[in-house]
Amino acid sequence: MSTLTDIDRMSRRPPWGWLVLGFAAWIAAYASLIPVADSAIAALGLARETHLGEAVHFFFYDTPKVLLLLTGIVFLMGVVHTFVSPERTRAMLSGRRLGVGNVLAASLGIVTPFCSCSAVPLFIGFLSAGVPLGVTFSFLISAPMVNEVALALLFGLFGWKVAGLYLALGLGVAIMAGMVIGRLGMERHLEDWVRAMQSTTPAEYVGDTLHWAERVDAGVAHVKDIVGKVWPYILAGIGLGAGIHGYVPQDFMASIMGRDAPWWSLPAAVLIGVPMYSNAAGILPVVEALIGKGAALGTVLAFMMSVIALSLPEMIILRKVLKLPLIATFAGVVAVGILLVGYVFNLVL
Amino acid sequence: MKNIKVLGPGCANCKNTLKLIDEVARAKGAEIHLEKIEDLQQIMSYGVMSTPGVVIDGKVVHAGGVPARAKVEGWF
């Protein structure tokens with residue numbers, strides 16, 4: 001039975017032709033974004049100078065642009081995921097010391113497939129293979145926060161500089177928070193049964209070798225999965241953003257979330273973000289529109305990081321393996337890191 | 001008679017996996033005993049890190065995400 005499927009797998013050739021075709025179509029679509037949006041406005045008999053015209057143009061330009069970028073990046077990540085399974089990442093991290101280990105863990109967090117529903121098995125799996133607690137946390141913070149959807153949307157809506165800054169600072173928060181937690185020696189605040197599983201036997205990695213055809217399949221499947229799940233949020237977000245774009249008066253946000261807002265607006269934004277559990281897809285288009293109205297980028301990004309990285313539901317799941325002091329430390333350290341990022345962004349930009 | 005366990009804390013993907021296995025087994029007329037394991041300590045005892053995982057007669061055959069239908073069909 002298994003030999004038959006193996007021969008089956010070998011004989012399938014990678015769909016290079018389709019890939020090239022898809023890539024060309026992608027480029028062509030991306031190049032025609034503005035003409036399409038312009039003609040959509042013209043077909044509706046609207047002018048960009050009116051409120052409605054501006055809102056509709058924003059919608060027809062941003063929606064396809066964001067969806068295109070998202071599809072491209074998610075496809076690439078789907079292929080990358082076939083190279084880095086959690087088991088492989090664990091083997092690379094096991095026995096690493098603080099410092100180097102944290103940097104490696106945070107970076108691997110970007111490219112390792114991760115779903116917040118398997119955060120706990122992953123957490124225990126890492127610890128039981130001798131990955132230090134602080135290093136494990138670096139991975140656990142970076143994996144959801146610096147994800148491809150957030151990066152694709154930031155890239156599409158704000159450009160590569162902001163996406164790059166978010167990537168660098170997100171990694172920074174994950175590395176720093178993991179190192180602090182590691183230094184504090186909080187192992188005793190793990191639940192007892194988890195401590196019992198902690199060991200120092202390094203993990204071995206036995207991966208199955210995939211063929212390129214299967215890697216491409218994985219990319220396509222990832223696009224179907226992620227883009228299929230996320231597009232309604234993006235549409236709703238951009239729709240809302242378009243409304244704000246066309247109708248909310250300029251500088252409306254400046255006094256609430258702008259640079260001249262009082263110092264506490266940033267901590268307030270982070271606090272508000274904790275009980276919210278959403279993905280980057282729904283929030284970011286709204287965020288972009290708010291920034292156009294005078295909100296400061298740092299404050300808004302800190303809000304976004306807090307929504308994604310510090311979610312109440314995730315902490316409730318983590319409670320099964322961590323005792324309260326450790327959860328509190330985790331939340332506190334990450335919150336401080338996000339605050340720093342927010343203040344730095346506001347100062348620099 | 002195969003003893004199949006689906007490991008997962010109860011996310012949507014775990015339920016989909018359970019449904020898929022049930023469907024395929026029915027379509028193939030295979031006799032199975034299907035079970036869902038939600039207890040974390042039990043899940044961890046199989047060494048599975050990414051859920052949902054699938055265990056057949058004590059052996060882990062799949063981990064991480066809903067398995068492809070063709071893969072499930074290969075089990076029966």
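## Start with chain B

Select chain B and show the cartoon: you'll find 3 helices and 4 strands. Helices here are DSSP runs of H or I with at least four residues, strands are E runs of at least two, and both are numbered from the N terminus. Trace chain B from its N terminus and the elements come in the order β-α-β-α-β-β-α.

A quick word on the ground rules: this is a predicted model, where local features need pLDDT of at least 70, side-chain atom pairs count only at pLDDT 80 or more, and totals for chains, interfaces and linings use all residues. Residues are numbered from 1 along each chain as its sequence is written, chains are lettered from A and ligands numbered from 1 in the order in which they are written, and side-chain values use heavy atoms, with hydrogens and water left out.

Of the 76 residues in chain B, 38% are buried. Buried means under 20% relative accessible area, exposed means over 50%, and partly exposed is in between, with a 1.4 Å probe and protein chains only. As for contacts (heavy atoms within 4.5 Å), take those in chain B with a separation of 6 or more: residues 24 or more positions apart account for 66% of them.

Select B:His62, which sits in strand 4 (residues 59–63) of chain B. Buried or exposed, would you say, for B:His62? B:His62 is buried, at a relative accessible area of 9%. Leave out residues up to four places away in sequence, and B:His62 touches B:Pro52, B:Gly53, B:Val54, B:Pro67, B:Lys71 and B:Trp75.

Now hop to B:Phe76, in the segment after helix 3 (69–75) of chain B. B:Phe76 is partly exposed, with a relative accessible area of 21%. Show its surroundings: setting aside neighbours within four places in sequence, B:Phe76 is in contact with B:Lys2, B:Ile4, B:Ile21, B:Val24, B:Ala25, B:Lys28, B:Ala30 and B:Ile32.

## Over to chain A

Switch to chain A, which has 18 helices and 0 strands. Buried residues make up 49% of its 349 residues. Count the contacts in chain A between residues at least 6 apart in sequence, and 85% join residues at least 24 apart.

The average in chain A is 80, and 86% of the residues score at least 70. Where is confidence lowest in chain A, and where is it highest? It is lowest in helix 1 (residues 2–11) of chain A, at a mean of 50, and highest in helix 6 (residues 100–111) of chain A, at 91. Where pLDDT is low, the predicted coordinates should not be read in detail.

Helix 6 of chain A is also where you'll find A:Asn102. A:Asn102 is buried, at 0% relative accessibility. Among the residues A:Asn102 touches, beyond four places in sequence, are A:Arg97, A:Gly134, A:Ser138 and A:Met179.

## A helix pair

Select helix 3 (residues 33–43) and helix 4 (residues 51–81) of chain A: they pack at an angle of about 145°, with their axes 9 Å apart. The axes are lines fitted to C-alpha atoms over the stretch in contact, and angles run from 0 to 180 degrees between N-to-C directions. By class, the contact of helix 3 with helix 4 of chain A has 10 nonpolar, 2 polar and 2 charged residues.

Click A:Pro64, in helix 4 of chain A. A:Pro64 is partly exposed, at 29% relative accessibility, and it touches A:Leu33 and A:Phe59, not counting residues up to four places away in sequence.

## Last stops: two enclosed helices

Select helix 7 (residues 119–128) of chain A: 10 of its 10 residues are buried, so it is largely enclosed by the rest of the structure. What do the buried residues of helix 7 of chain A pack against? They pack against helix 5 (86–93), helix 8 (133–145), helix 11 (192–197) and helix 17 (312–318) of chain A, together with helix 2 (40–45) of chain B.

Key: Ala, Val, Leu, Ile, Met, Phe, Trp, Tyr, Cys and Pro count as nonpolar, Asp, Glu, Lys and Arg as charged, and the others, Gly among them, as polar. pLDDT is the predictor's confidence in each residue, from 0 to 100.
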